[in-house]
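Here's a quick walk through one model, from the inside out. Have a look at the sequence and the 3D view before reading on.

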Amino acid sequence: MSIPMRLGHGQNIQAVGSKIDEIIEHLHRAKAVGGLGIHLRETASGTVIEVERRGVVPTDGASVETPLFAVTVNDDGLLDVSPGYLNRNGIYFGLVAEKKDIEPEDGVLCLCSVPDEDGVWSEPEYKICTPGPSAYPIAAIKVEETESEEGGEPIVTVTVTQYQVTVAAILLTKLCPLAEF
């Protein structure tokens, strides 16, 4: 069976249900196949389908593959983040290096950096926290545990909702004491 055709003009609305059933049946029979830009990876939880959108972004004498700040789940169930650019209060930091093996938990994965009392910025770091002025959101993370059918170890599923980030911008402000009156 091929992919169901769309409903034609004037077809009865009751046909919608049967078309949805056809689509569901088709998806159950479909076999995922890897290829250029599509990678299949078998894990204990099932098959992970990863789709690449790649390009090359020139940097200071080097090149970086896009997507920037891409968050993936590695074979150990931990999060990996690809390199990306950071701008803090209008000052170009440059490329934040990739980070591997971040423990996943429910929340938002953010790139964080704050200045100290002397205005010296901390090194950028990834944290699962509430987004804010010093915490730029990169991806939403959802961790779910389900019972295995055999009664063994529970199955842990990590879902990543990637935010499209070209440059993480951290902007911190406060009231100027001279402007207060």
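What follows is a short tour of a predicted model, taking the core, some backbone details and a surface patch in turn.

## The core

Let's start inside. The largest nonpolar core has 20 residues, and the ones with the most contacts inside it are Phe-69, Val-71, Leu-111 and Tyr-126. At least two residues each come from β6 (79-81), β7 (84-88), β10, β12 (135-146) and β14 (167-170). The top contributor is β12, with three residues. As a general point, nonpolar side chains in soluble globular proteins tend to be buried together.

Phe-69 sits in the loop between β4 (63-66) and β5, and it counts as buried because its relative accessibility is 0%, with the cut-off being under 20%.

Asn-89 also has a positive phi without being a glycine, at about 50 degrees. You'll find Asn-89 in the loop between β7 and β8 (91-96), where it's partly exposed at 35% relative accessibility.

Gly-77 lies in the loop between β5 (71-73) and β6 and is partly exposed, at 27% relative accessibility. Its C-alpha is 8.4 Å from that of Val-156, although 79 residues separate the two along the chain.

## The charged patch

On the surface, Glu-103, Glu-105, Asp-106 and Glu-144 gather in a patch of negative charge. One of them, Glu-105, belongs to the loop between β9 (99-102) and β10 (107-112). Glu-105 has a relative accessible area of 45%, so it's classed as partly exposed.

Methods
Residues are numbered from 1 along each chain as its sequence is written. This is a predicted model: local features need pLDDT of at least 70, side-chain atom pairs count only at pLDDT 80 or more; totals for chains, interfaces and linings use all residues. Side-chain values use heavy atoms; hydrogens and water are left out. Patches are made of residues with over 30% relative accessible area and no salt bridge: like charges are joined within 9 Å, nonpolar side chains (Val, Leu, Ile, Met, Phe, Trp, Tyr) within 5 Å. Accessible areas come from the Shrake-Rupley method with a 1.4 Å probe; for residues, only the protein chains shown count as cover. A salt bridge is a side-chain nitrogen of Lys or Arg within 4 Å of a carboxyl oxygen of Asp or Glu. Lys and Arg count as positive and Asp and Glu as negative; His and the chain ends are not counted. The place of a charge is taken as NZ of Lys, CZ of Arg, CG of Asp or CD of Glu. Helices (H or I, at least four residues) and strands (E, at least two) are DSSP runs, numbered from the N terminus. Buried means under 20% relative accessible area, exposed over 50%, partly exposed in between (1.4 Å probe, protein chains only). A nonpolar core is a set of buried Ala, Val, Leu, Ile, Met, Phe, Trp, Tyr and Cys residues joined through side-chain atoms within 4.5 Å.
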